[in-house]
Amino acid sequence: MPDLQPLAAHHADALLHFERENREWFARSVPDRGDDYFTGFAARHAALLAEQATGTCRFHLLVDDDGTVLGRFNLVDVAAGEAELGYRVAERAAGRGLATEGVRRTCALARDTYGLRRLTAATTLDNAASLAVLRRTGFTPAGAVSLDGRPGLRHVRDLTADD
């Protein structure tokens with residue numbers, strides 16, 4: 001199983017490659033990051049590291065043995081024992097259970113390392129794979145949302161219950 005690592009400065013090149021290589025794949029299910037994301041990547045990466053240092057966000061990468069980034073698993077808006085989970089997995093890694101395993105491991109980190117008690121996550125209704133990952137990892141539907149104008153579903157997971 002690939003290693004789930006906290007985002008670090010040395011990940012910059014591999015992360016940029018991951019985002020470029022999978023841009024079209026991601027745009028099928030989530031809003032595109034836009035060209036500015038890529039041209040300003042170095043500054044964006046530095047900003048993420050600074051934000052992570054404050055503890056308001058916890059960013060993680062699923063990294064293969066050769067250093068290739070296979071996925072991102074992020075906890076954002078960390079406050080009062082809660083955070084929002086976001087994740088994306090490379091096209092070449094899809095269908096192998098890596099998203100499910102990455103979410104499970106991120107939930108365990110959230111509870112055991114960061115002391116969080118509750119996570120939320122949202123996905124569009126047409127993203128069957130993400131809906132399945134959330135269901136398999138203990139998230140329950142909590143209401144409709146609009147994600148960039150597309151119908152979606154918000155989910156919650158209580159981290160204090162036994163796994």
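## Basis of the model

Helices (H or I, at least four residues) and strands (E, at least two) are DSSP runs, numbered from the N terminus. The model is predicted: local features need pLDDT of at least 70 and side-chain atom pairs count only at pLDDT 80 or more, while totals for chains, interfaces and linings use all residues. Residues are numbered from 1 along each chain as its sequence is written, and side-chain values use heavy atoms, with hydrogens and water left out.

## The sheet

An open sheet of mixed pairing is formed by seven strands in the order S1-S2-S3-S4-S5-S7-S6; two strands pair if DSSP finds at least two bridges between them. Strand S1 (3-6) and strand S6 (140-147) are at the edges with a single partner strand each, so one side of each has no neighbour in the sheet. From one strand to the next the twist averages 25 degrees.

S3 and S4 run antiparallel and are joined by seven bridges. The two strands form a hairpin with two residues between them, and Ala-80 in the turn has a positive phi of about 50 degrees. Ala-79 stands opposite Glu-82 in S4. Glu-82 also has a bridge partner in S5, Arg-118. S4 and S5 run parallel, with three bridges joining them.

S6 is joined by seven bridges to strand S7 (residues 150-158), and this pair runs antiparallel. In S7, Arg-154 is the bridge partner of Gly-143, and His-155 is that of Pro-141. S6 and S7 form a hairpin with two residues between them, where Asp-148 in the turn has a positive phi of about 55 degrees.

## Helices on the sheet

H5 lies across S1, strand S2 (58-63), S3, S4, S5 and S7, and runs at about 35 degrees to S3. Axes are lines fitted to C-alpha atoms, for helices over the stretch in contact, and angles run from 0 to 180 degrees between N-to-C directions. H6 lies across S4, S5 and S7, at about 160 degrees to S5.

The buried residues of H6 (buried: under 20% relative accessible area, with a 1.4 Å probe and protein chains only) are Ser-130, Leu-131, Ala-132, Val-133 and Leu-134. These buried residues pack against S4, H5, S5 and S7. Just after H6, Gly-138 takes a positive phi of about 90 degrees.

## Leu-116

Leu-116 lies in the loop between H5 and S5 and is buried, with a relative accessible area of 5%. Contact means heavy atoms within 4.5 Å. Leaving aside neighbours within four places in sequence, the contacts of Leu-116 include Leu-75, Val-78, Glu-82, Ala-110 and Leu-159. Leu-116 and Leu-159 are 43 residues apart in sequence and 7.1 Å apart in space, C-alpha to C-alpha.

## The largest pocket

S4 supplies the largest share of the lining, six residues. Among the other elements that each supply at least two lining residues are helix H2 (23-27), helix H4 (41-54) and helix H6 (128-136).

Notes. Buried means under 20% relative accessible area, exposed over 50%, partly exposed in between (1.4 Å probe, protein chains only).
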